[in-house]
Amino acid sequence: MELTKEQQAILDGAKGETMAKVMRTLVNYGEVFGAQKMVPVTARYGHLVLSFGLTFLGPVFDLFQKLIDEGCLSGQKFTCDPRPYDKNVPQSVLQKGVAKFVFGKQSRYEKQLEQLGILGEDSYTCTCYLDEIGNTPKQGDVLSWAESSAVVYANSVLGARCNRNSGIIELFGSVAGFVPYFGLLTDEGRKADWIVELKTTKMPDAQILGSAIGMKVMEDVPYVKGLDAYLGTELTDKAKTYLKDFGAATASNGAVGLYHIENLTPEAKQQGEDLIKPGAKVYVIDDAELERVKNGYPCIWKNKDAAPKLCFLGCPHMTLEQIKDWTEKLEAGLKAAGNEKVLVPTVFTTSTGVLKKLNETPYAARLKKIGVIVSYICPLMFMDNPLWQSQPVITSSNKLRTYTTARFYSNDEILSILTKEGK
Ligand code: F3S
């Protein structure tokens, strides 16, 4: 790899031994992927994936302490993934006790994040790019992020440039101020390997469509035709919310870091079919294909006929409009079925920024009235408690389904389960 004078000096120890190791790690990482150079991180803020003070992550906390002690702090302020635990989420006394042990290093870790440069108390969310948080990169910005749902959103919807880095590597990029130039940072790496032709008779569920595409193309870049018929040709709040959930499913059910939506996402609008590589493969998706994909999800509950004990919605974190929309649908569904409260304990997850805004609206009280709790946690990390793994949890998040024992239902099915007996 060819380094600039400044980069070479850092590698040679001009900023200390620890900083030299940070640079060495980034260079080695880049060389594995054939990078020929390092480029500056140009986005205003970073974002860290590691938000959880798991008791057994001692070496990670030691590493963070070393960075702090040696003054190797992040050159840019950063946001961070959601906190893992909230005592307000329904749970047994035993589950609470185990969570206290599992996340026993949380407050120590959050202190380290403060010292390293976290933006603020409200910075814990995977939807850092929403207006309420303000970590919204511009088109062409180079990022050093790792959270897969945020990386795919930043690349695809905002037109920023970021690889699917791992945790800690992304922090090193923010500390050094440089990242290796390869993959999704390059023009060639952003071209589409797949054409996805959407031929459904109605708007597909974002989570199932994303899952189907993710499982088919894996880490490749898809160029999706036909979705603009449902989402329109402008990135409205509604379209962006759909793409948030769609993208998270592509990134977790496969390993997509960038997708293009014809006539809608920035690069697809600017470059059109020039973005498609010659000889790109074709994947046709119709109603039957979506049904086939959904029917293929395994249910790994111990007792497949168990009644659900908890429902999580909001992975990635919900937008304010999503919360309002769900409130109205649940109220209408409950009224039609003659019920007053949701039939399964339900938790919506969102950022603290959105939570504060929600609390200024009547929707907060309306949710409370129908028995829905709103929390700032990451449900995936929350379920990292071994006592949750055998519990019948349901969700409409395909990311949560993939990483935990939670069972997937479409949004329409969840609405029925939460509001009508016998569903
Ligand atoms: Fe966000 Fe946690 Fe889901 S980080 S995308 S809520 S797994």
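Which residues are exposed on the other side of H4?

Reply: The model is a predicted one. On that side of H4, the exposed residues are Val 93, Leu 94, Lys 100 and Phe 101. The helix itself runs over residues 93-102, and its buried residues are Gln 95, Ala 99 and Val 102. Viewed down the axis of H4, these buried residues lie within an arc of 65 degrees, and therefore they line one face of the helix.

Helix H3 covers residues 58-69 and helix H5 covers residues 106-116; their axes come within 10 Å and cross at roughly 30 degrees. Angles under 35 degrees count as roughly parallel, and H3 and H5 are therefore roughly parallel to each other. The crossing in which H3 passes H5 is left-handed. From H3, the residues in contact are Phe 61, Asp 62, Phe 64, Gln 65, Leu 67 and Ile 68, and they meet Arg 108, Tyr 109, Gln 112, Leu 113, Gln 115 and Leu 116 of H5. Sorted by class, this contact comprises 7 nonpolar, 3 polar and 2 charged residues.

Helix H6, residues 148-156, contains Tyr 153. The relative accessibility of Tyr 153 is 5%; buried means under 20%, so Tyr 153 counts as buried. Leaving aside residues up to four places away in sequence, Tyr 153 touches Tyr 129, Leu 158, Lys 240 and Lys 244. Tyr 153 and Leu 243 are separated by 90 residues in sequence, yet their C-alpha atoms are 7.5 Å apart in space.

Some features of the backbone complete the description. In the loop between H6 and helix H7 (169-176) lies Ile 168. Although Ile 168 is not a glycine, its phi is positive, at about 75 degrees. A positive phi also occurs at Met 218, near 55 degrees, and this residue too is other than glycine. Met 218 belongs to the loop between helix H8 (206-217) and strand S6 (222-225). With a relative accessible area of 37%, Met 218 is partly exposed. Finally, the peptide bond joining Cys 315 and Pro 316 is cis, with omega at about 5 degrees. Pro 316 has its place in strand S9, which spans residues 310-318.

Terms used. Residues numbered from 1 in each chain as written. Predicted model: local features only at pLDDT ≥ 70, side-chain atom pairs only at ≥ 80, totals over all residues. Heavy atoms only, no water. Axes fitted to C-alpha atoms, helices over the stretch in contact; angles between N-to-C directions. Helix = DSSP H or I, 4+ residues; strand = E, 2+ residues; numbered from the N terminus. Parallel < 35°, antiparallel > 145°, perpendicular 65-115°, else oblique. Left-handed = near helix turned anticlockwise from the far one by under 90°. Contact = heavy atoms within 4.5 Å. Nonpolar A, V, L, I, M, F, W, Y, C, P; charged D, E, K, R; others polar. Buried < 20%, exposed > 50% of the residue type's maximum accessible area, 1.4 Å probe, protein only. Arc of directions from axis to C-beta.
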